[in-house]
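Please view the sequence and structure first.

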Amino acid sequence: MKTSVVSKDYQNLQKEIIGLQEKWKEGLGSEAVTIKTDKTAMSAGVPVAALSIFDFDIPLFLQWIEEIKGLLVKNNDKMEEKLVFLNNIMDENTAQRWIDEALAFNHIYFHRFAEEHGVEEWIPYFLAETALRPYLRLAAEKAQPEIVSGNHGAGCPVCGEPARLAQLEGEGKKELCCPRCLAHWNDKRVSCSHCGNEDHETMKYLTVEGDAASQIQVCEKCRGYIKIVDTRQFINKPSAAMLDLTTLHLDFVAQENGYLPGGSGETEN
C-alpha cells in the first residue's frame with residue numbers, strides 16, 4: 001500500500017519471518033497441540049490457548065531462535081552485536097520461561113529481562129513471540145472449525161490477542177482476523193469489537209486520503225478502534241500478519257485522534 005509507513009526492506013524481512021513460521025508450523029506434529037473448545041469458557045472470553053495443552057519441543061524452540069537470529073543478522077549485520085547476549089543466556093530453562101511469559105503477554109518480564117542483560121527492549125519479546133507463533137497457529141488451525149464469533153472485549157478467541165484488524169469478505173461481511181495466530185471470526189458490520197456498541201450515532205469511521213481500501217472504525221463510547229480493510233480489492237490477499245504491518249499508518253491516525261487499541265475499558269453513559 002502506498003500509504004504504508006513501513007519500509008519495503010522491513011516488509012520483506014517480515015515476509016521471510018512469516019515464511020519461516022509457516023515452515024516451522026508444518027513441521028510440528030499434530031500432537032504438539034491438543035485443543036479444548038469449552039463453549040461455556042469461550043463464551044465467557046477464555047481463549048482456546050488457555051485451555052489447550054502444548055507439548056513444546058524446547059531444543060526445537062532454541063533452534064528456531066537461532067534461525068531468527070541468522071535472518072536478522074543477514075538483513076542487518078549490526079544485529080550480530082545486539083544479539084550476542086544469546087550465546088551466554090539462551091538455554092532450555094530460559095527458553096521455557098520465554099514461552100510461558102510470551103503466552104501470558106507478560107511484557108513486564110521481557111522489559112526487565114532486557115534491562116538486566118543490557119539489550120534493546122524489543123529484542124527478547126520479539127524473539128520469544130516469533131518462535132511461539134507456530135504453536136499458536138497450529139492451535140488456531142485446529143480450533144478454527146469451532147470459531148464462529150468472538151466475545152466483545154476478550155480479543156482473539158484462540159490466543160487472546162486484542163482485536164485490531166478486520167477485513168471485508170464476500171458481500172461486505174466484517175471478519176475479524178488475528179495477526180498473531182491467524183484465527184478469524186465474524187462480527188456485525190456496525191459493532192464495536194471491544195465493547196459491543198451497536199449505536200449508529202456513536203460508531204464512526206475515519207479514512208486516510210489515498211487509501212481507498214482501508215478505514216478505521218471508531219467507537220465514541222469506549223474510544224476503541226479497529227482497522228478494516230476491504231481485501232476484495234486485492235489481487236493477492238496478504239496474511240493477517242502482513243496486513244496488520246502494512247496498515248500501521250491507520251494505527252497512527254487512530255491514536256493521533258484519541259482512540260485507543262482495545263478501547264479504554266470504560267464506556268460512557
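The sections below describe the domains and the interface between them.

## Domains

The model is predicted. Its protein chain is divided into two parts: domain 1 covers residues 8–146, and domain 2 covers residues 165–261. A distance of 25 Å separates the C-alpha centres of domain 1 and domain 2. To their contact, domain 1 contributes 15 residues and domain 2 contributes 11 residues.

## Buried area

Between domain 1 and domain 2, about 1100 Å² of area is buried. Carbon and sulfur atoms account for 62% of this buried area. On the side of domain 1, the residues that lose the most area to domain 2 are Ile18, Arg137 and Gln144. Together these residues make up 42% of what the domain 1 side buries.

## Polar interactions

One salt bridge is counted between domain 1 and domain 2. A salt bridge joins the side chains of Arg180 and Glu129, with an N to O distance of 2.5 Å. Across the interface of domain 1 and domain 2, five residue pairs are found in polar contact.

## The domain 1 side

Three helices each supply at least two residues of the side of domain 1 that touches domain 2: helix 1 (8–27), helix 7 (92–103) and helix 9 (122–143). The largest share comes from helix 9, with six residues.

By residue class, the side of domain 1 that touches domain 2 has eight nonpolar, three polar and four charged residues.

Terms used
Residues are numbered from 1 along each chain as its sequence is written. This is a predicted model: local features need pLDDT of at least 70, side-chain atom pairs count only at pLDDT 80 or more; totals for chains, interfaces and linings use all residues. Side-chain values use heavy atoms; hydrogens and water are left out. Domain bounds come from an automatic or database domain assignment. Contact means heavy atoms within 4.5 Å. Buried area is the accessible area (1.4 Å probe) that two parts lose on being put together, summed over both. A salt bridge is a side-chain nitrogen of Lys or Arg within 4 Å of a carboxyl oxygen of Asp or Glu. A polar contact is a pair of N or O atoms within 3.5 Å; within protein, one must be able to donate a hydrogen and the other to accept it, and residues adjacent in sequence count only if both atoms are side-chain atoms. Helices (H or I, at least four residues) and strands (E, at least two) are DSSP runs, numbered from the N terminus. Ala, Val, Leu, Ile, Met, Phe, Trp, Tyr, Cys and Pro count as nonpolar, Asp, Glu, Lys and Arg as charged, and the others, Gly among them, as polar.
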